[in-house]
Each structure stands twice: as C-alpha cells, then as structure tokens.
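Subject: Structure handover

Hello,

Here is the structure I promised to pass on. Please open it first, then read the notes below.

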Amino acid sequence: MAFPIALLVPILAEVGAPLLKRLVSQHAGGQLGEAGQAVIDALAERLSTGASPQAIEEAYRADPEGAANAIREVEIERCEDWAGMLADINVTMREEGRAAGLLQRIWRPVFGLGYALCFVALALTLVRALWRGDIAAINALATISGFLIAFYGMGASVLGVYVWQRSAEKRAGQA
C-alpha cells in the first residue's frame with residue numbers, strides 16, 4: 001500500500017525540486033513526520049489548496065506549469081530550512097556511533113551480521129531440501145512462509161536504512 005505522500009515524489013522529481021523530493025521520499029513508505037508535514041504545509045499554502053498530498057496532486061494536475069513554478073519557488077525560498085531538516089533526520093544514528101556503551105554503538109552492525117547468517121541458513125536449508133528431494137522439509141518451509149516473509153522483510157528494512165545512511169555518512173566524510 002502506498003502512503004498518500006508518495007504521490008508527491010514523482011511530481012517533485014518532474015518539476016526539479018530535489019531537496020523537497022528527498023524530504024518527501026524519506027516519508028513515502030511510512031509516517032509523515034514533522035519534516036514531511038512542513039513540506040505539505042508550505043506547498044499547500046503556496047498552491048492555495050488543502051494541506052494534503054492528494055490536494056497538492058490535484059492542483060498540479062489542474063495547472064502543471066503554475067504548480068511547478070510554485071513548487072520551485074517554495075524550494076528556493078526555504079532551501080535552508082529544507083537542508084536543515086535533511087541534516088537532522090538521522091541524528092540518532094550519528095549519536096549512537098558516538099555513544100559510550102559498546103552495545104549501543106555496535107547493535108546495528110551486529111544485527112546486520114545476524115540477519116545475514118539467518119538468511120544464509122535458510123537458503124542452505126532450502127537448497128539442501130531441494131537437492132535431496134525432501135518434500136517434508138520443503139512443505140515445512142512453505143508452511144511458515146508468511147512468518148519468513150515478515151521476519152526477513154522487517155529485518156531487511158532495518159538493515160537497508162542502516163546501510164543507506166552509513167553509505168551517505170561515508171561519502172560525506174563523517175564515518
């Protein structure tokens with residue numbers, strides 16, 4: 001299920017508003033948050049429409065050129081605000097990296113290693129069952145497939161955010 005704010009990502013990309021697109025993209029799969037709501041409010045005010053992603057999308061569809069100009073103006077006028085919000089979004093992970101406690105500093109990498117080991121163990125189990133033609137083992141894996149999807153989906157989400165942020169920190173020279 002796509003969240004309503006996801007409607008704005010292609011529009012912001014199309015009109016050339018990279019800061020706003022990044023802010024909105026960070027919330028496209030989940031809760032709107034303070035930064036995302038600030039973007040919605042600023043765009044709604046400039047477009048003289050309701051403060052919702054759907055209303056902004058409707059305003060864009062009704063007058064693409066006028067809405068595009070308004071979106072670009074909002075980005076340019078408040079670029080320092082948007083940049084500051086982007087910088088604040090992942091403060092928690094940077095603080096964890098500087099924490100005094102060992103576990104608080106290393107829990108994300110340890111989680112990543114544990115996740116990888118679980119994934120490899122499952123893959124090897126499946127390959128072994130297929131290789132041996134062990135129908136009972138294959139059926140057992142099929143029976144718990146819903147659990148496995150949820151387990152690996154949540155783990156991949158946590159790990160993906162961590163890797164993505166660490167990569168950005170390394171490129172910025174903060175790691």
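Is Y115 buried or exposed? Y115 is buried, at a relative accessible area of 15%. Buried here means under 20% relative accessible area, exposed means over 50%, and partly exposed is in between (1.4 Å probe, protein chains only).

Some ground rules before the rest. This is a predicted model, where local features need pLDDT of at least 70, side-chain atom pairs count only at pLDDT 80 or more, and totals for chains, interfaces and linings use all residues. Residues are numbered from 1 along each chain as its sequence is written, and side-chain values use heavy atoms, with hydrogens and water left out.

The overall picture

The chain has 10 helices and 0 strands. Helices (H or I, at least four residues) and strands (E, at least two) are DSSP runs, numbered from the N terminus. Along the sequence the pattern reads α-α-α-α-α-α-α-α-α-α. The chain has 175 residues, and 29% of them count as buried.

Helix α8

Helix α8 covers residues 102-132. It has 31 residues and spans 43 Å from its first C-alpha to its last. That is close to the 45 Å expected at 1.5 Å a residue; the expected span is 1.5 Å times one less than the number of residues.

Where does α8 bend? The bend is at R108, by about 40°. This is the angle between axes fitted to the seven residues ending there and the seven starting there. A proline, P109, follows within four residues. The buried residues in α8 include R108, G112 and A129. Just after α8, G133 takes a positive phi of about 70°.

Aromatic pairs

There are 5 aromatic pairs in the structure. Rings of Phe, Tyr and Trp (its six-membered ring) pair if their centres lie within 6.5 Å; planes under 30 degrees apart are stacked, over 60 edge-to-face, and the rest tilted. One of the pairs is F111 with Y115: the ring centres are 6.4 Å apart and the planes meet at 25°, so this pair is stacked. Both residues lie in α8, 4 residues apart, about one turn of the helix. An α-helix has 3.6 residues a turn, so residues three or four places apart point the same way. F111 is partly exposed, at 31% relative accessible area.

Y115 also pairs with Y152. This pair is edge-to-face, with 5.7 Å centre to centre and 75° between the planes. It links distant parts of the chain: Y115 sits in α8, Y152 in helix α10 (residues 145-171), 37 residues apart. Y152 counts as buried, at 11% relative accessibility. Ring pairs join F111, Y115, F119, F147, F151 and Y152 into a cluster.

A nonpolar patch

What makes up the nonpolar patch on the surface? The members are L102, L103, I106, W107, V110, F111 and V158, with about 600 Å² of accessible area together. Patches take residues with over 30% relative accessible area and no salt bridge; like charges are joined within 9 Å, nonpolar side chains (Val, Leu, Ile, Met, Phe, Trp, Tyr) within 5 Å. Areas come from the Shrake-Rupley method with a 1.4 Å probe, and for residues only the protein chains shown count as cover. The largest share, 6 residues, comes from α8. L102 is in that helix. L102 counts as exposed, at 53% relative accessibility.

Salt bridges

How many salt bridges does the structure hold? There are 3. A salt bridge is a side-chain nitrogen of Lys or Arg within 4 Å of a carboxyl oxygen of Asp or Glu.

R46 bridges to E73, with the closest N and O atoms 2.7 Å apart. R46 lies in helix α3 (residues 33-47) and E73 in helix α5 (residues 64-77), so the pair ties together parts that are 27 residues apart in sequence. R46 is partly exposed at 30% relative accessibility, and E73 is partly exposed at 38%.

R46 also bridges to E77, where the closest N and O atoms are 2.5 Å apart. That pair links α3 to α5 as well, across 31 residues. E77 counts as exposed, at 54% relative accessibility.

Best wishes
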